[in-house]
Structure formats: C-alpha cells, structure tokens
Amino acid sequence: MRAGVSLKSVSRVINREPHVSDTLRAKVERAIAELDYVPDTAARSLAGARSFIISVLFDNPSPNYTVKLQAGVYRACMENQYHLRIDRIDTSRPDTEIEAQLATLLRNGRCDGFVLTPPISDIPVVLDFLVARGVRHVRISPDVPSAHAPGVGMDDHGAGAAVARMLWEAGHRRLAMVSSPVSHGAARRRRLGFLEALHDLGLREPVPEAGGDHSFEGGIRAGNELLALPRRPTAIFATNDDSAAGTMVACAQAGLVVPRDISICGFDDSWVARSVWPYLTTVYQPIEEQGHAAATLLVTRGAEAPPLRNLPYHLVERASVGPPPAE
C-alpha cells in the first residue's frame with residue numbers, strides 16, 4: 001500500500017475519526033493525493049454504521065439565513081465526503097405533533113445526525129426526543145449550553161449592546177425595537193443586550209417594542225406601529241435585516257427619509273442590507289461560518305468539543321444611521 005499503513009488506519013483517516021496522529025494522517029492524505037483517490041460514499045456506508053448523510057433542520061422564515069447556513073454546512077460536507085439533506089419541522093405545533101414530525105424524518109431517511117437551527121435548537125421536545133434516541137446533533141445559537149450536544153453561536157447579547165452604544169453615541173435618546181418571537185433565543189439575547197446597555201448608558205424611559213416576526217412583512221407592520229407612537233422614535237433597532245428592511249418601507253410610506261428623519265439598524269449583514277437604500281447599518285453575524293463549524297463537529301465526531309463555541313461578530317456601519325433630527 002502506498003501509505004505503508006493498514007487498511008484500518010486508512011479508513012480511520014478517511015472517516016475523520018478522532019485520536020489519529022498527525023503523522024499517520026499526513027501519510028494517508030499524501031497517498032490519497034498521489035493516487036487521485038476519491039472515496040466511494042456508498043461503499044463506506046455499507047461497510048460501517050454511518051450513512052454519510054447529515055440533515056440541517058430548519059424552522060426559520062428568513063431566506064437569507066437558511067441559504068447562508070446551508071452554504072456553510074454544504075462546504076463542510078464536501079470537505080468530509082458527506083451528503084447534505086435539508087429538513088423542516090413546524091415548531092408552532094403541539095409537542096406530540098413535533099415528535100411525530102421527527103419520528104417521520106428518522107423513519108423515512110437515515111442520517112448520521114442533525115444540525116439544529118434556531119428556534120429548533122432550544123425546543124425542549126426536540127432535544128429530549130433526539131437525546132432519548134441517541135441521535136447525534138449540534139445546535140446553532142443555543143440559549144443554554146448542553147452536555148448532550150455541542151453548540152456553535154456568537155455573543156448575541158454583546159452584539160445587541162454594541163448597537164445600543166452606537167446609536168447612543170450618534171445622539172439618539174428616543175429609541176425603539178422591532179423584536180422577534182420569544183421562542184427565538186438568539187434574538188431574545190440581542191434584545192436584552194440592547195436594553196441593558198441603554199439602561200447602563202443612562203436611559204430611564206421605556207423602549208417601545210413591536211413584533212416583527214423576523215420577516216419583511218412583519219417589519220412593515222412593526223414599523224407602522226412604532227411610527228404611530230405619540231413620541232416617534234428617532235432610531236429603531238430590528239433584530240434581523242429582513243424586518244429592518246420592512247421597517248424602512250414603513251418609514252418611506254410615512255414620508256420619512258432615512259437617516260435624515262429616523263435611523264434604522266438591522267442584524268445579520270445579509271444581502272438584504274445592500275438591497276435597500278440607503279444601505280443598512282447592521283451587525284455581521286457569521287452565519288455561514290456557524291454552519292460550517294457545526295457540520296464539521298457533527299461529521300468528525302470530535303469528542304473534545306466545548307459545550308458552546310462563539311464565533312466573532314462586528315458592526316457594519318453604513319448609511320442608514322445618522323444623528324437624530326433637530327427638534
């Protein structure tokens with residue numbers, strides 16, 4: 001054999017098993033490159049207990065989020081000779097129906113595990129179902145770390161606080177929020193970080209909120225609600241870009257010019273942020289990187305993974321935020 005090692009050792013390297021020495025991995029990978037060898041996924045599946053398929057489980061209305069996360073997961077699958085399956089469940093249903101949906105997924109399509117996306121990553125009935133059946137899973141942006149499954153996310157609380165400080169430094173004191181469903185743990189942390197930072201900065205009046213449902217249409221509704229307040233806000237923070245874009249439409253319908261009359265900030269740094277005018281100030285969320293990291297943890301079966309790995313974020317300041325209008 002070209003690598004000078006056993007077939008079992010070659011299999012361990014190809015299957016990305018843990019506790020393989022760097023020297024052994026280098027030998028096998030060098031031989032694979034020299035022979036231009038491509039592993040047969042079907043044969044690997046028949047030879048072992050793995051299907052070499054993983055599923056990403058969604059219940060998220062944002063097309064930008066789902067596409068970017070899929071891209072990261074797909075890249076990890078290609079790097080590790082895995083296939084990707086996309087599944088969806090409706091978490092608004094009763095627990096018994098959610099369990100039935102999960103049972104159907106497991107019965108109709110074998111896979112080696114699931115990447116759980118928000119809000120699924122925090123639904124107790126989902127987590128309990130997978131743990132009880134020994135189904136491997138990795139959680140994206142979990143609310144609480146778990147000993148049963150690693151998680152990949154970002155500091156949503158800190159990011160929300162960064163938005164508050166940016167708007168405060170721009171001079172805004174009448175602020176409002178387009179918030180998300182309470183079941184969405186990551187967005188809830190953004191909200192808390194925003195509100196707590198404003199309190200720490202000295203704001204004592206309540207911050208009005210309207211639910212945007214993480215959707216463009218929801219952002220329009222929420223924007224209309226906030227703009228109808230007796231004391232119209234001078235700045236609005238929306239917990240994702242889709243609802244921020246909808247809020248900008250509501251402002252335009254009301255005859256307001258962004259940012260001359262009102263400032264808007266979103267969250268995600270999606271393609272939506274550069275599809276509106278003016279371009280949207282937002283927070284860069286490493287969505288694709290989270291998908292790649294979560295899928296890599298799942299397929300490599302890393303035993304040393306921490307309960308939660310946070311990836312970096314940053315503010316992206318564009319033209320939708322300016323100083324408050326003179327009164």
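Trainee: What is the volume of the largest cavity?

Mentor: The count comes to one cavity of 30 Å³ or more. For the largest cavity, the volume is about 60 Å³.

Trainee: Which residues line the largest cavity, and how many of them are charged?

Mentor: The lining is made up of Asn60, Ser62, Tyr65, His184, Arg190, His214, Asn240, Asp268 and Gln285. Tyr counts as nonpolar, whereas Asp and Arg count as charged. The lining accordingly divides into one nonpolar residue, six polar and, as the number asked for, two charged.

Trainee: How much space lies in the second largest pocket, and which residues lie nearest its centre?

Mentor: The second largest pocket holds about 220 Å³ of space. Nearest the centre lie Arg136, His137, His148, Ala149 and Pro150.

Trainee: Where is Arg50 placed, and is Arg50 buried or exposed?

Mentor: Arg50 belongs to the loop between helix H3 (41-47) and strand S1 (53-58). The C-alpha atom of Arg50 is separated by 9.7 Å from that of Gly113, 63 residues apart along the chain. Because its relative accessible area of 11% is under the 20% cut-off, Arg50 is classed as buried.

Trainee: How many disulfides does the structure hold?

Mentor: A disulfide is a covalent bond between the sulfur atoms of two cysteines. Cys111 has a relative accessible area of 15% and is buried; Cys251, at 0%, is buried too. The number of disulfides in the structure is zero.

Trainee: Over which residues does pLDDT stay under 50?

Mentor: The protein averages a pLDDT of 88, and 85% of the residues score at least 70. Where pLDDT is low, the predicted coordinates should not be read in detail. That caution applies to a stretch for which the model has 14 contacts beyond four places in sequence, and pLDDT stays under 50 there: residues 40-48.

Technical notes. Residues numbered from 1 in each chain as written. Predicted model: local features only at pLDDT ≥ 70, side-chain atom pairs only at ≥ 80, totals over all residues. Heavy atoms only, no water. pLDDT = per-residue confidence, 0-100. Contact = heavy atoms within 4.5 Å. 1 Å grid on protein atoms, 1.4 Å probe; cavity = no way out; pocket = protein on both sides within 12 Å on 5 of 7 lines; lining within 4 Å. Points joined across faces, edges and corners; volume = space filled by probe spheres on them. Disulfide = S-S within 2.5 Å. Buried < 20%, exposed > 50% of the residue type's maximum accessible area, 1.4 Å probe, protein only. Helix = DSSP H or I, 4+ residues; strand = E, 2+ residues; numbered from the N terminus.
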